[in-house]
Structure formats: C-alpha cells, structure tokens
Amino acid sequence: MSVKYEVTATAIGKLARKFLETNSSVILLDDGTHPNLAEMVVEHTASELKEDIAVGDTLSVGKQKFKVTRVGENANATIRESGHCTLLFNTTGSMPGQIEVEGGAVPSLMQGLTFSFAGK
C-alpha cells in the first residue's frame, strides 16, 4: 500500500471530542489555518496529498484501520487547500467535504495521533 496522505494531530479542540461522541465525526484541519475553528477541529501537521483519496482506500488512525466507503466531491480539493475534511466513522453523510469510513470502534482523540490514508 502506498501512503497518499499522512498527518499528526497537534491540537484537539474542546468540541472535537463531543462531535466524535455524538456524530461519529472528526473535522481535520491544518494547524493554525483557521484559529476561529480551533475548538471544533483536530488540528494537524501540514502535509501534501500525493494522490486523491478514493473508495477502497484504507484510513489508519493510530493502530486502527478503516475502509473508505465514500469520498465527497470536494474532499480531495479541501485537503489540498487546508488539510480540511470531515471523517465520518461507521455512518453516512451528504456534505461534499466528507469522507465516510467503516471499521471498528471510533478512535480516541489525542495529540500525536496519526491519520494516514493509503491506496489499495
């Protein structure tokens, strides 16, 4: 598997854990990009999207693995622009910047946690 995109969490917003608990979602955003959104997101190191994320890819969150089941039409573009996307764990959505994944239990959020997308 080739790594397409990999980032490390640098800050966990106060509301980010609540979103994960109530909506099974995590909003990722490059560190310092939008300080006004910091409470809602998981800020992370900046990285280059080497290849578009696609259905069938694998998302690793720490040691947990999830299968990508849907990629919103704008998700790859917003990742390239500002490291932004919303991850939906074991649920569905309809927003263009969302990436749906399925697998085990939703991950626990902590600084230093790595999010990595890899191709088939």
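Colleague: Which residue in β8 is the bridge partner of Glu6?

Modeller: In this predicted model, Glu6 is bridged to Ser116 of β8.

Colleague: And how do you know that β1 and β8 pair?

Modeller: Two strands pair if there are at least two bridges between them. β1 (residues 3–12) and β8 (residues 114–118) have 5 bridges, in the antiparallel sense, so they meet that cut-off.

Colleague: In what order do the strands close into a barrel?

Modeller: The 8 strands follow the order β1-β3-β2-β6-β7-β5-β4-β8, with mixed pairing. From one strand to the next, the twist averages 35°.

Colleague: Which strands does helix α1 touch?

Modeller: Helix α1 (residues 16–23) packs on the sheet and touches β1, β2 (25–30), β3 (42–44) and β6 (85–89). The direction of α1 makes about 145° with that of β2.

Colleague: What about α2: which strands does that helix lie across?

Modeller: Helix α2 (residues 75–82) lies across β1, β2, β5 (64–71), β6 and β7 (98–103). Relative to β7, α2 runs at about 105°.

Colleague: Now a single residue. Why is Leu15 called partly exposed?

Modeller: Buried means under 20% relative accessible area and exposed means over 50%. Leu15 has 36%, so Leu15 counts as partly exposed. You can find Leu15 in the loop between β1 and α1.

Colleague: Which residues does Leu15 touch, not counting those up to four places away in sequence?

Modeller: Leu15 touches Glu39 and Met40. As for Cys85, its C-alpha is 16 Å from that of Leu15, and the two are 70 residues apart in sequence.

Colleague: What makes the phi of Ser24 worth a look?

Modeller: Most residues other than glycine have a negative phi. Ser24 is not a glycine, yet its phi is positive, near 55°. Ser24 sits in the loop between α1 and β2.

Colleague: Where is Asn90 found, and what is its phi?

Modeller: Asn90 is in the loop between β6 and β7. Its phi is positive, about 55°, although Asn90 is not a glycine.

Colleague: Why is Asn90 called partly exposed?

Modeller: Exposed would need over 50%. Asn90 has a relative accessible area of 42%, so Asn90 is partly exposed.

How values were computed. Residues are numbered from 1 along each chain as its sequence is written. This is a predicted model: local features need pLDDT of at least 70, side-chain atom pairs count only at pLDDT 80 or more; totals for chains, interfaces and linings use all residues. Side-chain values use heavy atoms; hydrogens and water are left out. Helices (H or I, at least four residues) and strands (E, at least two) are DSSP runs, numbered from the N terminus. Axes are lines fitted to C-alpha atoms, for helices over the stretch in contact, and angles run from 0 to 180 degrees between N-to-C directions. Contact means heavy atoms within 4.5 Å. Buried means under 20% relative accessible area, exposed over 50%, partly exposed in between (1.4 Å probe, protein chains only).
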